[in-house]
Amino acid sequence: MQQAEQEGGQVGPQLAGVRRLLVVGGVAAERGIDGLDPDRLHIWNDPRFGAGALALVPLRQDDTWAVHAAVLPDEHGELPAPTLDTFRRLFAERAGLPGVTLRDLTWASVWRPTVRMVERYRSGRILLAGDAAHCHSAAGGQGMNTGIQDAHNLAWKLAATLRGAPDTLLDSYEAERLPVARAVLAATSAQHRALFADGGALALADQFTNLTATTGGDFTGLSITYRGGPLGQDLDDATAIRAGDRAPDAPCHTPDGPTRLFHLFRGPHFTLLRFTDTPTPPLLPAHPAIREAVIQTPDEQARHTYGLTTDAVVLVRPDGYVSLTAGTINPTQLQDHLRQFGL
């Protein structure tokens, strides 16, 4: 593992030097006292800890609260044990709500922010994904989605390789996903520092309201792109969407009736979208790994979403990212592109 670098310095050392750790636990609490609303996340800000000072998160499914509180080591470098007494003391010191009683601690842990990532995602037959490849602050809630996208990116490429695609297809996994992990580490580290600084509660509120990081990063993940990567190909400028972009959803109309693009994408296949009203034969022979769909022009929303002003062809990968765009294309050009996927 290596410390991740970002412009202006390294992410890892900057967070490692922040000796603010979180004690986290699940407790029961008396409800409805002094305005402690069970339908709201409650945060107490503090100049020393920002939004990490104290947070109570209602867990409605089991009638408990998750309690988060930042702590510092004592003069001996020891942390307070995450016991019920510790949670009660921190709550009393930082919340100032004497009428609320914490009880029945069901679980507890100490959480320490760690920021690391591997130098390579692949070594021969060994491929890493998710937390095995990168770990970072939980700020922004990026860990699960980043790991799932790793797995989705890799899964269809493994399947294609087993079907006979060139082994080099697996090298594209690192080429596409490692830059994403590096960007996530930089964004979550910046957000972590903002949340644990004075005024962190405002940064957290903005994160939930606008789904953006303090640095302007997109926490929805919808703007992730593999443009310029090894697999994409744009034959012309007929589309605003480019190879490597996420293929968005839109209502559409096919010869079989109305549907949505996401419905056409659903499954482990490639989807060849042909935006045209001109009756034409299929570009490819029937293949179980490719779905060819004609999108007709009454659906202006689909054309607008993909930035089309004329007929076009868009090939979408099994993981929902665009592989190829063209205004016009012949079967030979398409087959040449698909050869890298063993098709």
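Rings of Phe, Tyr and Trp (its six-membered ring) pair if their centres lie within 6.5 Å; planes under 30 degrees apart count as stacked, over 60 as edge-to-face and the rest as tilted. The model is predicted, so local features need pLDDT of at least 70 and side-chain atom pairs count only at pLDDT 80 or more, while totals for chains, interfaces and linings use all residues. Residues are numbered from 1 along each chain as its sequence is written, and side-chain values use heavy atoms, leaving out hydrogens and water.

**Exercise 1.** Describe the ring pair of phenylalanine 262 and phenylalanine 265.

*Solution.* Start with the search of the whole structure, which finds eight aromatic pairs. In one of them, phenylalanine 262 and phenylalanine 265 are tilted, at 6.1 Å centre to centre and 50 degrees between the planes. Helices (H or I, at least four residues) and strands (E, at least two) are DSSP runs, numbered from the N terminus. Buried means under 20%, exposed over 50%, partly exposed in between (1.4 Å probe, protein chains only).

**Exercise 2.** Work out which strands pair with β15, and in which sense.

*Solution.* Take β16 (residues 290-295) to begin with: six bridges join it to β15, and the two run parallel. Here leucine 273 has alanine 293 as its bridge partner. Then turn to β17 (residues 312-316), which is antiparallel to β15 over five bridges. Pairing requires at least two DSSP bridges between two strands. Lastly, six of the six residues of β15 (residues 270-275) are buried, so the strand is largely enclosed by the rest of the structure.
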